[in-house]
Structure formats: structure tokens, C-alpha cells
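Colleague: Could you take me through the ligand sites and the salt bridges in this one?
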Amino acid sequence: MKIIDKINKALEDDRCFWSFEYFPPKTQQGVMNLYDRIERMCNLGPLFIDVTWRWGGKSSDLTLELCSNSQTVYGVEANMHMTCTNTNFGLIKTALEKAKDQGVQNILALRGDLPDDTVEFDPSVGEFKYAIDLVRYIRKTYGDYFCISVAGYPEGCVGPEDVERDIQYLKEKQEAGADIAVTQLFYDVDNFLAWVDKCRAAGITIPILPGIMPIQNYGGFKRMTDLCRISVPQEIWDRLEPIKDDDRAVKDYGIEVAVDMIKRLRAAGMRGFHFYTINLERSTRMVLEKLQLVPTVHEVRPLPWSPSLSEKRAGENVRPIFWRNHARSYIKRTELWDEFPNGRWGDARSPAYGEMVHNEQVRLTADQAAKKWGHPATVDDVKQLFVRYCENRLDSLPWSDTPLQPESQAIQDSLACINARGFLTINSQPSCNGAPSSDKVHGWGPSNGFVYKKAYLEFFASPENVKALLARLEGNPTVTYYAVTKGGELLTNCVEDSPNAVTWGVFPGKEILQPTIVERVSFLAWKDEAFEFWNAWAHAYARDSVSAGLLSDVSDSWYLMNIVENNFQKSSESIFELFDGLGQALSTE
Ligand SMILES: Cc1cc2nc3c(=O)[nH]c(=O)nc-3n(C[C@H](O)[C@H](O)[C@H](O)COP(=O)(O)OP(=O)(O)OC[C@H]3O[C@@H](n4cnc5c(N)ncnc54)[C@H](O)[C@@H]3O)c2cc1C
Ligand SMILES: NC(=O)c1ccc[n+]([C@@H]2O[C@H](COP(=O)([O-])OP(=O)(O)OC[C@H]3O[C@@H](n4cnc5c(N)ncnc54)[C@H](O)[C@@H]3O)[C@@H](O)[C@H]2O)c1
């Protein structure tokens, strides 16, 4: 069914409605867990769900599979995202054909981001330059079969200076056949409402669905609003500042913000709300509960307008047998398990692993690269950059977009030392044996608790350096490691695949919280992205330049490696002793 028909019906009845957006998880276990999550969240009565599409069509099969299965198994309409620029035309044609065959009738037609703001559209790769070209193609080829939605930008696609121009492009997309506009997420409600008024005045009549993203954690929120250039009212920053290290408090505040935003939007006449779930469920559910749009988990009553999912499921035996008669406790047990791992070594079984808002590709502009990192011509030049970063003389590296965190200050000299010898670090953690959770440097989580950390290092190293380090590690039974090349050759001394907790906390009246783990499957999922940064950096230089060649060579032949000193009672420095005398010192030393 087309979602525009459902939306029009809801608007006719003057009824609020909502939709949930998911992204294709990075691991197979994440996919299986996302299905469970979509099923549970269908009980919240979304009018439809969206599944995003990785730029260039990298997730086309998975995106379609998630849409098609959600429709046939859970009975919820799916809106399939599709980006068109710099994407093989055949891939788009095939995906649309398959969508039609599988009964997926809703497409969110997008341009997608270019890998670099300065890179021009490449007509040899795809037929489409803008989202409007895809809208036109779909209408020309399929007539009215598909309901087409498009993106709208209350703060401009690139920046505020483009708002007026983007409204005209949105109008053109409507004229080309778009039925619905879904907006970029935002936090400034006044600005959003003024933008809607401008759209209406410009002749945009299609329904506009505001994008709502409950804040999930401070670091992710900051990164994402910076990346998407979303303005955040100062009041939100002020409220976040004192609680930024307490994930639970941040999430609770995020729920409050979203509830308040939706109340104001409803008062102004908006009826539909599009949730960016980032594949998590608690915040979205809590927002809907607090607005009394859905029953709380304590009151089980069917929603009058929901797809008949709850009734359909009631007679089935798909849940684990011991939970069959306890739907509520099943929900309670499973909804929260991955809400708190934060950090890039979270749990790869979580559908939210590798949190993504639309665009996971690495973006570095040529200007940014040359200005910050010059034109490296030798491995020593690259080492110098890493050393300068560790000494706080450079504020970012492709892998590290902010300066070192305060927790790294105590180890920064040792970090600089191993970087100078060719172990190029991208992540680290000092050990910590029971600091108060309120500790300014190491603390996190609820108050009156104690936190623990194992020393951890993650770095790129040449095959020779990895070999030498491995020889050293043979005599160290408490150190575990994974090393992998871009091509996937894996070296490890971990005999079991089970997760290794590297950060945990003990809090009054709670189970042990274990926010950060190291495990094979998440490391392998992350490594593609980690190596991709070398390529993105290389692309910032002319194709046949020395710098591009050097960075591509490193990417092709070096290892990404992590090591954990499991004896968390040892000092933070002891992990660095493993590197004594290894590698080649900088020639300037
Ligand atoms: C709701 C939503 C969902 C998204 N989902 C995904 C996803 O699943 N996967 C993903 O990779 N990305 C996704 N994105 C990100 C999106 O791909 C990027 O923001 C992209 O940069 C713009 O896409 P668009 O469809 O708005 O492009 P367009 O409408 O084509 O606009 C792109 C830029 O070109 C300009 N422009 C448009 N038309 C013209 C014209 N005729 N002449 C000259 N300039 C023009 C606009 O001003 C704008 O700056 C999503 C964004 C939103 C808001
Ligand atoms: N609760 C915890 O104890 C805990 C543990 C790990 C991560 N986190 C949080 O999760 C979030 C994301 O974590 P993350 O690991 O993805 O990223 P992050 O940006 O927090 O980086 C993790 C650590 O690596 C260090 N680092 C960054 N670049 C480095 C480099 N080039 N060389 C050596 N060290 C470098 C940082 O100083 C920081 O200590 C952060 O907010 C972080 O605080 C929390």
C-alpha cells in the first residue's frame, strides 16, 4: 500500500501518526536482532517504517530485504530509501524492479552525498545528478505504482544560506511527482515552523513530516549535529553539559527534548512525526508513551489504527517458548540490552552497532586535508602527523575528529613515542582500577559507582612491525590481540569468540554495566571503515601524486591491530613497555 494514502487518511481523521527509520546493520547478528526490534516496535503502531540505503547502493540488497520482510512478516508498510548520484544506473534499475516484484511500493528518492564537497558529479558512473532526476525516472517508468517521498531541509541542505534555493528545489521535486517530504532532523522548532510556512507560501502542498531524533549520547549527538550542520539551541547544550558523561541522564533528557518538540509541533498543527531511531527503541517508545500516543508497556491494549500486528502475533508461537505468555517481560528483557554500549567498540550483535545517520562514508575535503596534514611523501611524514596529534599540536586526524580526551593525557608521551616508531594509534584507553564514577577524568555512569578499564591500544602497523610485536606478545599471556589487513587476513590469540569487556562499572543497586567490549566480529565490521579513511585521505590529493600513492600503499599493506592488557591492575604504562625497541625511530629523532 502507498504510505501517502495512509497519511491522507490520518490527516482526514485529524489523527497523529509516526514512522520509524532504521539503517541496515553492519553485521549479520545485527540484522537478526534488528528484525526482533522492528517486530517489537511495530507494537507502537508506526504508520510505516523507513530503511536507509548506503551511499552508492552498497546496501541495496539488504535495504530491500529489510523492507520486503517487514511488510510480509510484520505487516508494516516500508519506505525504501534510494540514493542516485555516482551510482551505477543498472543497480538502481534492478533495485526498483525487485522492489516492485516484492510489493514494496514506497521509495524515498535521494541524491546522496558526494564523497567530497569538491568532487564533481561523475556522469560516467550514473545517469542521475539530483534527486529530482530519480523522481522523474521513477514516474516515467512506473507511472503511479510508487509513492515517492523526498528530503526537505529546514536549515538548508548545505547551510542556512541555501534555504530559499532549496525550497525551490523541493517545489520542483513535488512538480516532478513527489508525494511527501521528510525533513532532515532538527532541534530548533521555531525555525522549522517558519520554514514550513515558507514552503507553503512557495506552493509546496505535499505533507511534510518533521524528522525527530531523540538525543542518545553526548558524543554521537555532537558529532552528528556538527556533520549535518544542524543548529542546536544553546539551552540544550547548557542542559547537556553537566550530564554529558552520564548516558542514562543524557538519554532521559533527549526524551524530554523530543516530547517538548512534538508538543509544540502538534500545537502548531503538525500531525505526523518521523523518528530517526538509529536502530534503538527505548527513547522512541518513551517519547510516544510520555505523549500518551501509545499505551505504556504496563497497559497492554491494542492500538485502534495499528496494522493488525499484535492480533496477528497473539496466536503465534514465534517468541522463545518460555516467554510465550509473558509478552511484557519479553519486551522488558530485550529492549534495553544494547542501549548503553557507547563507543566504536560496542556490541556488534546490536542492530545499532556502527550508529549511522544516512551517510557513513568518510568525508574529507581536499582543502581540509592539505591545510591540516600537508602533502605527506614518506612514512616518516605520516608518523610526524600522528606524533603531533598525540602531543596536542594537531587537533585532528582522519580517524580522530577531536583532540585527545582528558583520559589520554597521562599516556600521551608514551602514545607519541610508539607513533614515532611506526605504530600509528587511532584509539586508546588507559587502565583504571576502580575510580569513582564522578571522577573528572575516568568517571562515567550513575553517581556513587566505581569504574574500571583495561589498557587498550588500536593502531595501524606495517607487516614487519606487527611481526616483531607478535613475537614479543608470545610471552605475555594476559595480553590479547586482533590484527587484520584490509583484505581480511586475521591474526589473533583469542581462542574464543566471546566479547572481552574492557570497560565496566559497578553502581548501587544495579547489575554490572559493561559499555565497551572488544570482539572479533565488531572489529572486523569496523576495519572496513578504518581502512576507508586511508583511501578518503588519499583521494584528497591528485590521483598520481606521491601522497595519494603513499596513503594507498599503507592502506593496502599494513595491519589494523588492537591489543588489550587484561590485567587491569597493572599501570597504564605497562602496555607501552611491550613496544620498547620495536619499529624504526623517526629520522629526525
Ligand atoms: C529524510 C532523509 C533521508 C535520507 N536518507 C539517506 C539514505 O538513506 N542514504 C544516504 O546516503 N543519504 C540519505 N540522506 C542524505 C541525503 O542523501 C543528502 O543530504 C544529500 O546531500 C542530498 O540529498 P537530496 O535528495 O536532498 O538531494 P537533492 O534534492 O538533489 O539536493 C542536493 C543538492 O543539490 C542542490 N540541487 C537540487 N536540485 C538542483 C538543481 N535542479 N540544480 C542545481 N542544484 C540543485 C540542492 O540545493 C542541494 O544542495 C537522507 C536525508 C534526509 C533528509
Ligand atoms: N564509558 C567509558 O569508559 C567509555 C569507554 C570508551 C568510550 N567511551 C565513550 O564512548 C564514546 C566514543 O568512544 P570512542 O572510542 O568511539 O571514541 P573517542 O573519541 O572517545 O576515543 C576514545 C579514546 O581514544 C583516544 N584517542 C583518540 N584518537 C587517538 C589517537 N589517534 N591515538 C591514541 N588515542 C586516541 C581518545 O583520547 C579517547 O580516550 C566517547 O564519548 C567515549 O567517552 C566511554
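Colleague: What does the side chain of Arg165 have within reach on ligand 1?
Modeller: In this predicted model, an N or O atom in the side chain of Arg165 is 3.0 Å from an oxygen atom of ligand 1. The side chain of His81 likewise has an N or O atom 2.9 Å from an oxygen atom of ligand 1, while a polar side-chain atom of Tyr169 lies 3.3 Å from a nitrogen atom of that ligand.
Colleague: And how much of ligand 1 does the protein bury?
Modeller: Ligand 1 exposes 980 Å² when taken alone, and the protein buries 90% of that. Two or more residues of the shell around ligand 1 come from each of β3 (78-83), β4 (106-110), α6 (163-175) and β6 (180-185), and α6 gives the most, with four residues.
Colleague: How do the residues of that shell around ligand 1 divide?
Modeller: They divide into 13 nonpolar, six polar and five charged residues; 24 residues surround the ligand, and the closest are Trp53, Asp113, Tyr153, Asp166 and Lys173.
Colleague: OK, over to ligand 2: which polar side-chain atoms lie by its oxygen atoms?
Modeller: Glu407 has a polar side-chain atom 2.5 Å from an oxygen atom of ligand 2, and Asn427 has one 2.8 Å from an oxygen atom of the ligand. On the nitrogen side, an N or O atom in the side chain of Thr425 is 2.8 Å from a nitrogen atom of ligand 2. Taken alone, ligand 2 exposes 800 Å², of which the protein buries 87%.
Colleague: Which strand gives the most to the shell around ligand 2, and what is the shell like by class?
Modeller: Strand β9 (residues 424-429) gives the most, with five residues, and by class the shell around ligand 2 has five nonpolar, 11 polar and three charged residues.
Colleague: Changing topic, how many salt bridges does the structure hold, and where does Lys171 come in?
Modeller: There are 26 salt bridges in the structure. Lys171 forms one with Glu175, their closest N and O atoms being 3.4 Å apart; the two are four residues apart in helix α6, so they are separated by about one helical turn. Lys171 is partly exposed, at 22% relative accessible area, whereas Glu175 is exposed, at 55%.
Colleague: And which parts does the pair of Asp556 and Lys486 tie together?
Modeller: Asp556 and Lys486 form a salt bridge with their closest N and O atoms 3.0 Å apart. Because Asp556 lies in helix α19 (residues 546-557) and Lys486 in the loop between β13 (479-485) and β14 (490-492), the pair ties together parts that are 70 residues apart in sequence.

Methods:
Residues are numbered from 1 along each chain as its sequence is written. Chains are lettered from A and ligands numbered from 1 in the order in which they are written. This is a predicted model: local features need pLDDT of at least 70, side-chain atom pairs count only at pLDDT 80 or more; totals for chains, interfaces and linings use all residues. Side-chain values use heavy atoms; hydrogens and water are left out. A residue is near a molecule or strand if one of its heavy atoms lies within 4 Å of it. A polar contact is a pair of N or O atoms within 3.5 Å; within protein, one must be able to donate a hydrogen and the other to accept it, and residues adjacent in sequence count only if both atoms are side-chain atoms. Accessible areas come from the Shrake-Rupley method with a 1.4 Å probe; for residues, only the protein chains shown count as cover. Ala, Val, Leu, Ile, Met, Phe, Trp, Tyr, Cys and Pro count as nonpolar, Asp, Glu, Lys and Arg as charged, and the others, Gly among them, as polar. A salt bridge is a side-chain nitrogen of Lys or Arg within 4 Å of a carboxyl oxygen of Asp or Glu. Buried means under 20% relative accessible area, exposed over 50%, partly exposed in between (1.4 Å probe, protein chains only).
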